[in-house]
Amino acid sequence: MRNRAIRLAAAGTMSVAAAVWAGVPAHAAETETQTITFDLGDLDESGSGAIEQFDPALGTLTSVELEANVTMDFSVCITNLSQEAASVNTGEVSGTADLTFAGDLVASTAGAMTVPGEDMPANTGIDGCADWLDAGADPGSAPAGDNSTLTVGSDTDTWSASITEAADLAPYVGTGTVSFDYTAASASDLAQPSEWTLVFLASGEGEVTVTYTYEPGEVGGICEENSNDPECDEGGGGGETAGLPDTGGPLGWLMPLGAGLVLAGAVLVMVRRPHSA
């Protein structure tokens with residue numbers, strides 16, 4: 001009976017120790033995010049943007065998430081300058097914006113707007129679209145005259161990618177920047193007689209969001225016990241040896257609890273001992 005009690009107590013001790021150490025969390029992955037904006041002009045711009053690299057002093061980079069959001073705005077103004085009423089056919093205006101990241105990773109985005117077909121009255125003596133353009137082409141202001149019509153709209157496209165291969169992650173690690181390039185273009189399939197005025201305007205802008213996921217490195221500024229760092233040696237210019245502060249985590253209460261349970265097991269063994277055969 002005594003041997004059984006001792007074995008139970010020993011097993012209990014091991015279980016408590018396992019529970020204590022199982023409660024210690026491993027270093028969780030951390031993230032760092034940045035956003036870069038860029039202007040596509042009249043959907044005819046080309047340029048580049050700069051992404052801040054991941055500082056290797058923070059730890060080990062494990063993945064890069066890239067997300068590109070592009071918004072394109074369109075305005076189409078049509079004026080019938082002929083002496084007869086006529087109809088404008090349905091058409092479409094569109095734009096594209098391609099972004100090229102490190103490693104020749106290409107993000108292709110696009111936008112479009114449909115221009116509805118419409119019956120247009122004969123010329124009233126006013127070229128409403130020409131006047132609208134001269135006044136600044138405000139998309140919220142309609143052109144003058146019944147023989148003019150304005151169509152406005154916006155379109156947003158989103159692209160994303162995840163980078164995890166070591167060779168593809170390499171350009172994003174350092175203390176400088178890594179660039180990406182962009183180029184935009186617009187197109188229209190609208191057709192109108194030569195007597196008509198047609199104004200097609202387009203513009204765009206975008207942003208790139210970059211999220212770094214990494215495994216944190218050692219805590220800076222703290223000398224751990226048995227460290228080989230010369231900065232931590234006494235008289236070597238380093239700080240005093242110190243452990244990590246008690247932040248109220250699992251070890252703050254699991255270790256005392258475990259010790260208490262082990263002592264309780266030992267007491268039970270001793271109490272049962274006189275009754276052993």
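Good morning. Strand 3 and strand 10 run antiparallel and are joined by 20 bridges. The model is predicted, so local features need pLDDT of at least 70 and side-chain atom pairs count only at pLDDT 80 or more, while totals for chains, interfaces and linings use all residues. Residues are numbered from 1 along each chain as its sequence is written, and side-chain values use heavy atoms, with hydrogens and water left out.

Let me define the terms. Strands (E, at least two residues) and helices (H or I, at least four) are DSSP runs, numbered from the N terminus. Two strands pair if DSSP finds at least two bridges between them.

Where do these strands belong? They are part of an open sheet of four strands, in the order 1-10-3-8, with antiparallel pairing. Strand 1 (30-39) and strand 8 (148-163) each have a single partner strand, so one side of each has no neighbour in the sheet.

Strand 3, residues 59-79, is joined to strand 8 by 16 bridges; Val64, for instance, has Ile163 as its bridge partner in strand 8. Strand 10, residues 197-216, pairs with strand 1 over ten bridges, and there Gln34 has Val210 as its partner.

Cys77 stands opposite Val199 in strand 10. Cys77 also forms a disulfide with Cys129, the sulfur atoms being 2.0 Å apart; the cut-off for a disulfide is a pair of cysteine sulfur atoms within 2.5 Å. Cys77 lies in strand 3 and Cys129 in helix 2 (residues 128-134), so the pair ties together parts that are 52 residues apart in sequence.

Thank you.
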